[in-house]
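Hi everyone, thanks for coming. Let me put it up on the screen.

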Amino acid sequence: MGAPCHSARPLSKARAIMAHPLPQPRTVRAAAALRGTIAVPGDKSISHRSLMLSALAVGESRVEGLLEGEDVLATAAAMRAMGADIVRQDDGVWVIHGVGVGGLLQPETALDMGNSGTSTRLLMGLVASHPITATFTGDASLSARPMGRVIEPLTQMGAEITASPGGRLPLMVRGLCPAVPITYTLPVASAQVKSAVLLAGLNTPGTTTVVEPVATRDHSERMLSGFGADLTVQETNHGRVIAITGEATLTPQQITVPGDPSSAGFWLVAASIVPGSDVTIANVGLNPTRTGLITALRLMGADIAECDRRTVGGEPVADLRVRHAALTAIDVPHDLAPSMIDEYPVLFVAAAFATGRTVARGAHELRVKESDRIAAMKAALTACGVACEEYDDGLAITGTAGAPIPGGATIASLLDHRIAMSMAVAALHAQQAVTINDAGPVATSYPGFFASLDAVTGITTTGTPA
C-alpha cells in the first residue's frame, strides 16, 4: 500500500521564469560523406521515467546510459526537491534511493522545468495524487506551451491546478490525497497525458483507467510493470485500455537505457541524403511505438539495416546501418504520426531531397511542441530554397531529386532543439553554408550532437555566423 497522506507545508514563492542564455549561433557547411559509428544519447522518454519511478520505489535503483541532457536533469532536480536521493557516480551510473509511492515531500521552491514538456506534464501527474503543492516554471519556450490537456484529467482526479492564462506556466498543482480514480479517454493521442494520468493513479486508491483510441509510445506501461505496479493493457474495439491499481509499492530496479531513436533519426536522414555516406548508429531502441520514422524512410527508399537485434531491459534494441540512397516522395501514412511525432522536422528534411512531392500530414500536435514546428520548418526550408506548402496538420515538400538545396540562410531555431538539429542536417547537402541562429537548445536532448557531426563528416562546424 502507498504511504499515508501527510499535510503539505506552505509553498515558498515561485522564482521567475528561467531566462534563456545568450544565443549560440552555429554554421554548418556541406559534407562530402558521413562515415563511422555513432553512439546516440540514452532514450529521453525512458530516462525521464526511470528517474521518476526509481524515486518512488522503496530502496536503491541504478540506471546506466541515462541521457544527461538539460531536460532529464530537470527531472532529476525536481525529484530531489521532493525527497529522493539521486547521485551520479563517477562511472556514469545514476543511483537513486526512493521515497516510496505516497512519500513525496513538499518542495521548498518552485520546480524549474527549463524546456522540458515531458518533465512538466508527468510530474504534474505525480504531484496530483500526493498531499503536496508544487509550482512549475520554465523557460520562455515551455511557458508558451499549453498544459490544458493534462490539467483536465488531473482536475477530474481532484487536483487543484492554477495556471497562467491559456493553461500555461507558471502554474501551481495542489494535490489531493486520496485522489479520485477515473476512466479517461484521450481526446488526442498523447503519451504524456496518458503517462500523467497513470502516474497520478499510482497513489490513488482503486483503479485508474486510460483509454487510447490511437496507440502512443508505451514506455510508461512497460516501466511501470517492470517496477511491479499492478497494470493491465487490453486491446479492444475502442482502442487500448490501460488500467492501474493504486496505492502501489514499487520495487527498485537496475535499468540500462537504450539509445534514443529520436536522436538516431538525425543520422538516419543525414546519411541517406549525403552521397557516399555509410554510418552505423549503435544500440538504438526499437520500441514499435517509436519506429515510425524508420518505416517512413524505408517507404521512401532509404537503405537502413538492423544489425544484432536484442532485448535490453525489456526494450528491443539494434545497431542501425544506414547508407546513402535515392529517396522518392511519398504520402506519409497518417497512422505513423503517433510513432514519429518528434521526428517530423527531420522527415521534412528528407523530403527536401526526394524525387517528387512528399505530403506529410496528420500531425496537428506539431503546432504545440517547443515551437510551432510546422510553421518553423516551412520558414526554415523556404529560406534555404525548398518549395513547401503548409497545411494545418503538416507540410507538402517538393524535393530536389537528390541535388543539393541552395542553402545560404540564417535559420531561427525558436528555442527548439529539433529545429536546430534538423536544419543542421539539411545544411550537410546544401550549396551554401547554413547558420542556425541559436544552437544552444540542442543541449536539452543531445549535448554531443555537433561533436558527433564533426566526427562523422571530418569537418568542423563553427560557432559564429559565416
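Let's start with a question: which residues of helix α9 (residues 292-299) are buried? They are G292, L293, I294, A296 and L297. Before I go on, please keep in mind that this is a predicted model. What covers those buried residues of α9 includes α8, β16 (303-312), β17 (315-323) and α10 (344-352). After α9 comes G301, and its phi is positive, near 105°.

Now have a look at helix α6, residues 191-201. How many of its eleven residues are buried? Eleven of the eleven are, so α6 is largely enclosed by the rest of the structure.

On to helix pairs. Helix α8 (residues 261-273) packs with helix α12 (residues 417-427) at an angle of about 20°, and their axes are 9 Å apart. That angle makes α8 roughly parallel to α12. The crossing of α8 past α12 is right-handed. If you zoom in, you'll find S262, F266, V269, A270 and I273 on the α8 side, meeting R418, M421, S422 and V425 on the α12 side. Sorted by class, the residues of this contact are six nonpolar, two polar and one charged.

The second pair is α3 (residues 117-128) with α5 (residues 148-156). Here the packing angle is about 10° and the axes are 10 Å apart, so α3 and α5 are roughly parallel to each other. From α3 we have R121, M124, G125 and A128, which meet V150, I151 and L154 from α5. The classes in this contact are five nonpolar, one polar and one charged.

R217 sits in the loop between β11 (207-212) and α7 (219-226). Is R217 buried or exposed? Its relative accessible area is 11%, so R217 counts as buried. Leaving aside residues up to four places away in sequence, R217 touches S45, A191, K194, T289, R290 and D342.

Next, a glutamate. E315 is in strand β17, one of the elements covering the buried residues of α9. E315 has 7% relative accessibility and therefore counts as buried. Which side chain does the E315 side chain make a polar contact with? That would be N287, at 3.0 Å. Beyond four places away in sequence, the residues E315 touches are I46, H219, R222, P258, N287 and R310. For a sense of scale, E315 and R149 are 166 residues apart in sequence, and their C-alpha atoms are 28 Å apart in space.

Last stop: D392, in the loop between β20 (387-391) and β21 (394-398). Its relative accessibility is 47%, so D392 counts as partly exposed. Again leaving out residues up to four places away in sequence, D392 touches R361, H364, R367 and I374. From D392 to L366, the separation is 26 residues in sequence and 9.6 Å in space, C-alpha to C-alpha.

Technical notes:
Residues are numbered from 1 along each chain as its sequence is written. This is a predicted model: local features need pLDDT of at least 70, side-chain atom pairs count only at pLDDT 80 or more; totals for chains, interfaces and linings use all residues. Side-chain values use heavy atoms; hydrogens and water are left out. Helices (H or I, at least four residues) and strands (E, at least two) are DSSP runs, numbered from the N terminus. Buried means under 20% relative accessible area, exposed over 50%, partly exposed in between (1.4 Å probe, protein chains only). Contact means heavy atoms within 4.5 Å. Axes are lines fitted to C-alpha atoms, for helices over the stretch in contact, and angles run from 0 to 180 degrees between N-to-C directions. Angles under 35 degrees count as roughly parallel, over 145 as roughly antiparallel, 65 to 115 as roughly perpendicular and the rest as oblique. A crossing is left-handed if the near helix is turned anticlockwise from the far one by less than a right angle, and right-handed if clockwise. Ala, Val, Leu, Ile, Met, Phe, Trp, Tyr, Cys and Pro count as nonpolar, Asp, Glu, Lys and Arg as charged, and the others, Gly among them, as polar. A polar contact is a pair of N or O atoms within 3.5 Å; within protein, one must be able to donate a hydrogen and the other to accept it, and residues adjacent in sequence count only if both atoms are side-chain atoms.
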